[in-house]
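Hello,

Here is the structure I promised to pass on. Please have a look at it first, and my notes follow below.

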Amino acid sequence: MPTLILVRHGRSTANTEGLLAGWTPGVALDERGAAQAAALPGRLAGLPISEVVASPLQRCQETIAPLLEARPGLASHSDERIGECHYGDWSGRKLAELTDEPLMAVVQAHPSAAAFPGGESMRAMQTRAAEAVREWNARVERDHGADAVYLMCSHGDVIKSLVADALGLHLDLFQRISVEPCSVTVIRYTRLRPFLLRLGDTGDFASLAPREEPPADEAPVGGGAGAP
(Lines give C-alpha, C1' and ligand atoms only; values in the text may rest on other atoms or scores of the structure.)
Protein backbone atom coordinates (compact mmCIF):
# COMPACT_ATOMS: atom_id res chain seq x y z
CA MET A 1 0.00 0.00 0.00
CA PRO A 2 1.13 3.61 -0.50
CA THR A 3 3.43 5.77 1.59
CA LEU A 4 1.75 8.91 2.90
CA ILE A 5 3.64 12.17 3.47
CA LEU A 6 1.72 14.35 5.91
CA VAL A 7 2.69 18.02 5.85
CA ARG A 8 1.32 20.45 8.37
CA HIS A 9 0.66 23.88 6.85
CA GLY A 10 3.31 26.56 7.32
CA ARG A 11 3.13 29.00 10.19
CA SER A 12 0.01 31.12 9.92
CA THR A 13 -1.06 34.54 11.10
CA ALA A 14 -3.30 32.82 13.65
CA ASN A 15 -0.32 30.86 15.00
CA THR A 16 1.68 34.00 15.66
CA GLU A 17 -1.31 35.83 17.13
CA GLY A 18 -2.10 32.95 19.48
CA LEU A 19 -5.54 32.36 17.96
CA LEU A 20 -7.39 29.08 17.53
CA ALA A 21 -8.19 29.49 13.86
CA GLY A 22 -10.33 26.45 13.11
CA TRP A 23 -12.29 27.08 9.92
CA THR A 24 -12.14 30.88 10.23
CA PRO A 25 -11.75 32.21 6.67
CA GLY A 26 -8.85 34.37 5.59
CA VAL A 27 -6.16 32.82 7.80
CA ALA A 28 -3.03 33.00 5.65
CA LEU A 29 0.60 32.05 6.07
CA ASP A 30 2.73 34.67 7.78
CA GLU A 31 6.15 35.67 6.41
CA ARG A 32 7.88 32.72 8.02
CA GLY A 33 5.16 30.34 6.90
CA ALA A 34 5.54 31.52 3.30
CA ALA A 35 9.29 30.87 3.55
CA GLN A 36 8.62 27.40 4.94
CA ALA A 37 6.29 26.67 2.03
CA ALA A 38 8.85 27.97 -0.46
CA ALA A 39 11.45 25.56 0.97
CA LEU A 40 9.16 22.55 0.77
CA PRO A 41 9.87 21.62 -2.88
CA GLY A 42 13.58 21.39 -2.11
CA ARG A 43 13.00 19.30 1.00
CA LEU A 44 10.92 16.84 -1.02
CA ALA A 45 13.14 16.84 -4.12
CA GLY A 46 13.70 13.37 -5.48
CA LEU A 47 10.54 11.90 -4.02
CA PRO A 48 8.18 10.59 -6.72
CA ILE A 49 5.00 12.18 -5.39
CA SER A 50 2.05 10.87 -7.37
CA GLU A 51 -0.81 12.97 -5.94
CA VAL A 52 -1.34 15.89 -3.57
CA VAL A 53 -4.39 16.12 -1.34
CA ALA A 54 -4.94 19.20 0.80
CA SER A 55 -7.34 20.71 3.27
CA PRO A 56 -9.41 23.38 1.53
CA LEU A 57 -8.37 26.01 4.08
CA GLN A 58 -6.26 28.88 2.78
CA ARG A 59 -3.15 28.17 4.87
CA CYS A 60 -2.90 24.64 3.46
CA GLN A 61 -3.53 25.74 -0.11
CA GLU A 62 -0.78 28.36 0.24
CA THR A 63 1.59 25.76 1.66
CA ILE A 64 1.32 23.41 -1.32
CA ALA A 65 1.35 26.17 -3.96
CA PRO A 66 5.17 26.28 -4.36
CA LEU A 67 5.32 22.49 -4.66
CA LEU A 68 2.65 22.46 -7.36
CA GLU A 69 4.43 25.29 -9.18
CA ALA A 70 7.69 23.34 -9.05
CA ARG A 71 6.02 20.20 -10.40
CA PRO A 72 3.71 21.15 -13.28
CA GLY A 73 1.20 18.45 -13.97
CA LEU A 74 1.17 17.06 -10.42
CA ALA A 75 -2.47 16.26 -9.65
CA SER A 76 -3.90 18.20 -6.69
CA HIS A 77 -7.15 17.57 -4.85
CA SER A 78 -9.04 19.22 -2.00
CA ASP A 79 -10.66 17.11 0.71
CA GLU A 80 -12.67 18.64 3.56
CA ARG A 81 -12.22 15.48 5.63
CA ILE A 82 -8.62 16.43 6.34
CA GLY A 83 -9.60 20.00 7.16
CA GLU A 84 -9.07 21.45 10.60
CA CYS A 85 -11.17 20.36 13.55
CA HIS A 86 -14.42 22.33 13.73
CA TYR A 87 -13.82 24.20 16.99
CA GLY A 88 -17.22 25.85 16.85
CA ASP A 89 -17.62 28.69 19.37
CA TRP A 90 -13.94 28.47 20.21
CA SER A 91 -12.89 29.40 16.67
CA GLY A 92 -11.07 32.70 16.41
CA ARG A 93 -10.57 33.02 20.17
CA LYS A 94 -7.21 33.55 21.83
CA LEU A 95 -5.74 30.36 23.25
CA ALA A 96 -4.77 32.26 26.41
CA GLU A 97 -8.47 33.00 27.02
CA LEU A 98 -9.41 29.34 26.63
CA THR A 99 -7.00 28.02 29.26
CA ASP A 100 -9.48 28.44 32.10
CA GLU A 101 -12.40 26.90 30.22
CA PRO A 102 -13.44 23.64 31.93
CA LEU A 103 -13.46 21.90 28.56
CA MET A 104 -9.74 22.61 28.10
CA ALA A 105 -8.87 20.09 30.81
CA VAL A 106 -10.89 17.49 28.92
CA VAL A 107 -9.18 18.39 25.65
CA GLN A 108 -5.81 17.89 27.31
CA ALA A 109 -6.41 14.75 29.37
CA HIS A 110 -9.43 12.99 27.83
CA PRO A 111 -9.75 14.27 24.24
CA SER A 112 -11.87 11.32 23.15
CA ALA A 113 -14.62 12.83 25.31
CA ALA A 114 -14.10 16.41 24.11
CA ALA A 115 -16.73 18.03 21.90
CA PHE A 116 -16.44 21.72 21.07
CA PRO A 117 -19.54 23.87 21.64
CA GLY A 118 -21.14 24.51 18.28
CA GLY A 119 -18.47 22.36 16.61
CA GLU A 120 -17.45 18.71 16.46
CA SER A 121 -15.85 16.19 18.74
CA MET A 122 -12.18 15.30 18.51
CA ARG A 123 -13.25 11.70 18.01
CA ALA A 124 -15.28 12.70 14.95
CA MET A 125 -12.29 14.64 13.60
CA GLN A 126 -10.06 11.58 13.86
CA THR A 127 -12.66 9.30 12.30
CA ARG A 128 -13.25 11.44 9.21
CA ALA A 129 -9.53 11.98 8.67
CA ALA A 130 -8.68 8.29 9.04
CA GLU A 131 -11.47 7.36 6.64
CA ALA A 132 -10.12 9.86 4.13
CA VAL A 133 -6.62 8.37 4.37
CA ARG A 134 -7.88 4.85 3.84
CA GLU A 135 -9.92 5.86 0.82
CA TRP A 136 -6.99 7.79 -0.69
CA ASN A 137 -4.66 4.86 0.01
CA ALA A 138 -6.89 2.63 -2.08
CA ARG A 139 -7.28 5.22 -4.83
CA VAL A 140 -3.55 5.98 -5.06
CA GLU A 141 -2.65 2.29 -5.08
CA ARG A 142 -5.19 1.64 -7.82
CA ASP A 143 -3.93 4.50 -9.99
CA HIS A 144 -0.19 4.47 -9.25
CA GLY A 145 0.70 1.11 -7.74
CA ALA A 146 1.44 -0.28 -4.30
CA ASP A 147 4.77 1.54 -3.97
CA ALA A 148 3.34 4.98 -4.70
CA VAL A 149 4.06 8.02 -2.55
CA TYR A 150 1.49 10.76 -2.08
CA LEU A 151 1.19 13.88 0.05
CA MET A 152 -1.51 15.33 2.27
CA CYS A 153 -1.34 18.88 3.63
CA SER A 154 -3.41 19.21 6.78
CA HIS A 155 -3.46 20.62 10.31
CA GLY A 156 -1.77 19.90 13.62
CA ASP A 157 -4.56 18.15 15.50
CA VAL A 158 -5.60 16.19 12.41
CA ILE A 159 -2.06 14.92 11.77
CA LYS A 160 -1.55 14.04 15.43
CA SER A 161 -4.78 12.03 15.37
CA LEU A 162 -3.65 10.17 12.23
CA VAL A 163 -0.33 9.31 13.87
CA ALA A 164 -2.20 7.97 16.89
CA ASP A 165 -4.39 5.91 14.58
CA ALA A 166 -1.35 4.51 12.75
CA LEU A 167 0.37 3.57 16.01
CA GLY A 168 -2.75 2.01 17.51
CA LEU A 169 -2.77 4.63 20.27
CA HIS A 170 -5.97 5.65 21.99
CA LEU A 171 -7.00 9.19 21.06
CA ASP A 172 -6.52 10.14 24.71
CA LEU A 173 -2.76 9.81 24.13
CA PHE A 174 -2.55 11.96 21.00
CA GLN A 175 -1.67 15.13 22.93
CA ARG A 176 1.73 13.54 23.58
CA ILE A 177 2.53 13.97 19.88
CA SER A 178 3.95 17.21 18.47
CA VAL A 179 4.05 18.39 14.85
CA GLU A 180 5.38 21.87 14.09
CA PRO A 181 4.34 24.09 11.18
CA CYS A 182 5.49 22.72 7.81
CA SER A 183 6.81 19.58 9.47
CA VAL A 184 6.85 16.31 7.55
CA THR A 185 5.38 13.14 9.01
CA VAL A 186 5.53 9.92 6.98
CA ILE A 187 3.44 6.78 7.36
CA ARG A 188 3.92 3.71 5.22
CA TYR A 189 0.77 1.59 5.08
CA THR A 190 0.93 -2.16 4.55
CA ARG A 191 -1.66 -4.92 4.50
CA LEU A 192 -1.00 -5.79 8.13
CA ARG A 193 -0.01 -2.53 9.81
CA PRO A 194 1.20 1.03 9.24
CA PHE A 195 4.79 2.05 9.95
CA LEU A 196 5.66 5.53 11.23
CA LEU A 197 8.82 6.52 9.30
CA ARG A 198 9.10 10.21 10.22
CA LEU A 199 7.40 12.35 12.85
CA GLY A 200 7.28 16.14 12.78
CA ASP A 201 10.51 16.48 10.78
CA THR A 202 11.37 20.09 9.96
CA GLY A 203 15.12 19.66 9.45
CA ASP A 204 15.53 22.51 11.95
CA PHE A 205 16.52 21.92 15.56
CA ALA A 206 15.94 25.49 16.74
CA SER A 207 12.74 24.54 18.53
CA LEU A 208 14.73 22.16 20.77
CA ALA A 209 16.92 24.92 22.19
CA PRO A 210 16.12 26.18 25.72
CA ARG A 211 13.78 29.15 25.77
CA GLU A 212 13.42 32.04 28.17
CA GLU A 213 10.05 30.65 29.20
CA PRO A 214 9.87 26.91 29.97
CA PRO A 215 7.61 24.88 27.68
CA ALA A 216 4.01 24.53 28.82
CA ASP A 217 2.75 21.30 30.31
CA GLU A 218 -0.34 21.47 28.10
CA ALA A 219 -0.39 20.55 24.43
CA PRO A 220 -1.18 23.52 22.16
CA VAL A 221 -4.65 23.03 20.73
CA GLY A 222 -4.42 23.36 16.96
CA GLY A 223 -0.72 22.50 16.94
CA GLY A 224 1.17 25.58 18.12
CA ALA A 225 3.44 28.02 16.28
CA GLY A 226 6.69 26.04 16.37
CA ALA A 227 10.14 27.55 16.86
CA PRO A 228 10.19 31.29 17.66
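How many residues does helix α7 have, and how far does it reach from its first C-alpha to its last? Helix α7 (residues 156–167) has twelve residues and reaches 17 Å, close to the 16 Å expected at 1.5 Å a residue.

A word on conventions: this is a predicted model, where local features need pLDDT of at least 70, side-chain atom pairs count only at pLDDT 80 or more, and totals for chains, interfaces and linings use all residues. Residues are numbered from 1 along each chain as its sequence is written, and side-chain values use heavy atoms, with hydrogens and water left out. Helices (H or I, at least four residues) and strands (E, at least two) are DSSP runs, numbered from the N terminus.

Ten of the twelve residues of α7 are buried, so the helix is largely enclosed by the rest of the structure; buried means under 20% relative accessible area with a 1.4 Å probe, protein chains only. Among them are Val158, Ile159, Leu162 and Val163. The cover over these buried residues includes β1 (3–8), α6 (122–144) and β4 (149–154). Just after α7, Gly168 has a positive phi of about 70 degrees.

α6 packs against α7 at an angle of about 70 degrees, with the axes 9 Å apart (axes are lines fitted to C-alpha atoms over the stretch in contact, that is, heavy atoms within 4.5 Å; angles run from 0 to 180 degrees between N-to-C directions). The two helices, α6 and α7, are therefore roughly perpendicular (65 to 115 degrees). Residues of α6 including Met122, Met125 and Val133 meet residues of α7 including Asp157 and Leu162.

Best wishes

How values were computed
Expected span 1.5 Å × (residues − 1). Buried < 20%, exposed > 50% of the residue type's maximum accessible area, 1.4 Å probe, protein only. Parallel < 35°, antiparallel > 145°, perpendicular 65-115°, else oblique.
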